[in-house]
Amino acid sequence: MIEVTASARSPLGMSPQAFLRDFWQQRPLLIRRAFADFESPLTGDDLGGLACEEFALSRLVVHDPRSDHWTVRTGPFEEADFASLPRSHWTLLVQDVDKWDADVAALLEPFDFLPSWRIDDVMVSYAEDGGSVGAHVDQYDVFLLQGQGRRRWQISTDRAAPTAFRDDVELRLLREFRPTHEWLLEPGDMLYLPPGVPHHGVAEGECLTFSIGMRAPSVGEMVADFAGFVAERLGESVRYADPGIAPAKKTGEIDDKALEKIESTLRDSLAVDASLLRGWFGAFITRYRAAHEALPPARALSAAEFTRRFKAGESLQANPWSRFAWSKARSGATLYVAGESFHCTRRLAERLCRRDPLTVAELGTLETPTLDLLLALLNAGHLALGRIRSKR
Ligand code: SIN
Ligand code: CO
C-alpha cells in the first residue's frame, strides 16, 4: 500500500500511530484529500510579494526544456524580475512562509503528532506550466501538499537508484532518474516522502505547492555542539593523566595502553547524566538553524505595564522565528527558547510551545513566577503583545 484516501477523522488516511509505524522515515505515502476541500491561504501574487521582502528567502528556478538549461536566482526580487520571465517552465520558491503568514502556519496543526522541534518550515512554491526544480533527493522528510492547480509527481522507491548529481547545474539535480510511481496531485492531496527518495514534480498549469519540511541536524553537528558543551564544563584544569605507565618501548609510538587511556578519558568525560543531556539538547535544538534573531522591544516593558495591558485583554503571541521546546525537570519543567532555558510549570511550558495567542483568561490569575517569565520572554522579543517583530 502506498496510496490512501483521508477522511475528516484521519487526515493521514490512518491513525498517526499507524503512519509512524509503517511509513514515517521508511516509505513514501500518497494521501488523497488529506486536506479536504482545501483552499490555499495564499495566491501566487502573495508569494511574489513576499519574495520581494528584504529578508524572505526566495529562489527563482527557470528551465529551458529545449536546451535542458537551468537558471537559479536568489531573492529578494523586484516586480520587474517577474515581468521578464518566460510564459512557462519556471518556479518561485519561498522558505519559512509559516513565519510570515499565520494562515500558512495553521497548516502545521495536523502535524501536531510530531514533536514541534522536528518541524522546520513551510516552503511554498508557485510554478507556471512545466515549472519544476528537477529530479532530486532531499535529506529531510517532507509532506508535499498540493495547494492550487495540479502537479505531476514522479518518485522512485528503488533503493538502489543512482544518486549522482549533474555537475553542470547549480541545483543538486539527479543525473539519472527512473520513476517507479507517478501521480497527478489535486488541491488537498499530499505526498509524504522520507529522506533520500528521488522525486520530480512538474506543474500542469499554474500550481502552488506547500512543502512541510522536517528538521534533522546532522549527527556531525550534534557531536560538535555537544563536545563544545562538555568542553566548556570541563574547563582547562581537567587534564590527560596516565599514572603507573610502563617505560616507553619505542620513542614516538602511541601504544595500545595509551589508546585505551585516551578512549576511556573521552568516554568518561562525554558521559553526562540525563538532566545535563536534556539541557544541552533543548538549547541546541531551539537554536539550530535559526534564520532570524528575536528583536527586543525598543523600550523594555515594566511588570506593572505588562500586567495592565495583559489584564486589559491584549494577548501574548510567540515570535514565529523563536523556537520553543521543553522537558520535564525534577519539579516543573525547563522551557527552552532560542537556545536559552527557563524554569516554569509543565502546564505553562506546554502552553507556550503552542503557537496560538495566550490570553489572561486562559492563564487564570497570574502568579508572580509566571509573570516574571512572561515579562522576560517579552523583553527578549520572544513574545509580543500584539504585533510580532523580528530581525535577521
Ligand atoms: C517544489 O515545490 O517545486 C519542490 C518541492 C520539492 O521537491 O521538495
Ligand atoms: Co524535494
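Reader: What makes S14 and strand S15 a pair, and in which sense do they run?

Author: This is a predicted model. Two strands count as paired if there are at least two bridges between them. S14 and S15 (residues 340-344) have 5 bridges and run in the antiparallel sense, so by that cut-off they pair.

Reader: Which residue of S15 is the bridge partner of Leu335?

Author: The partner of Leu335 in S15 is Phe342.

Reader: How many residues lie between the strands in each hairpin?

Author: The hairpin of S13 and S14 has 4 residues between the strands, and Gly332 there takes a positive phi near 70 degrees. In the hairpin of S14 and S15 there are 2 residues between the strands, and Ala338 has a positive phi near 45 degrees.

Reader: Why is strand S14 called mostly covered?

Author: A residue is called buried when its relative accessible area is under 20%. In S14 (residues 333-337), 5 of its 5 residues are buried, so each of them falls under that cut-off. Ala333, Leu335 and Val337 point one way from the strand, Thr334 and Tyr336 point the other way, and all are buried.

Reader: Which residues surround ligand 1?

Author: They are Met123, Ser125, Val133, His136, Asp138, Leu144, Arg151, Trp153, His199, Thr209 and Ser211. Strands S6 (119-127), S7 (142-155) and S10 (199-214) each supply at least two residues of this shell.

Reader: What makes the approach of Ser125 to ligand 1 a polar contact?

Author: A polar contact needs a pair of N or O atoms within 3.5 Å. A polar side-chain atom of Ser125 lies 2.7 Å from an oxygen atom of ligand 1, so the pair qualifies. For His199 the corresponding distance is 3.2 Å. An N or O atom in the side chain of Arg151 is 3.4 Å from an oxygen atom of the ligand. Both of these values also lie within the cut-off.

Reader: How much of the accessible area of ligand 1 does the protein cover?

Author: On its own, ligand 1 has 260 Å² of accessible area, and the protein covers 95% of that.

Reader: How many residues of the shell around ligand 1 are nonpolar, polar and charged?

Author: The shell has 4 nonpolar, 5 polar and 2 charged residues. Asp and Arg count as charged, so Asp138 and Arg151 belong to that class.

Notes:
Residues are numbered from 1 along each chain as its sequence is written. Chains are lettered from A and ligands numbered from 1 in the order in which they are written. This is a predicted model: local features need pLDDT of at least 70, side-chain atom pairs count only at pLDDT 80 or more; totals for chains, interfaces and linings use all residues. Side-chain values use heavy atoms; hydrogens and water are left out. Buried means under 20% relative accessible area, exposed over 50%, partly exposed in between (1.4 Å probe, protein chains only). A residue is near a molecule or strand if one of its heavy atoms lies within 4 Å of it. A polar contact is a pair of N or O atoms within 3.5 Å; within protein, one must be able to donate a hydrogen and the other to accept it, and residues adjacent in sequence count only if both atoms are side-chain atoms. Accessible areas come from the Shrake-Rupley method with a 1.4 Å probe; for residues, only the protein chains shown count as cover.
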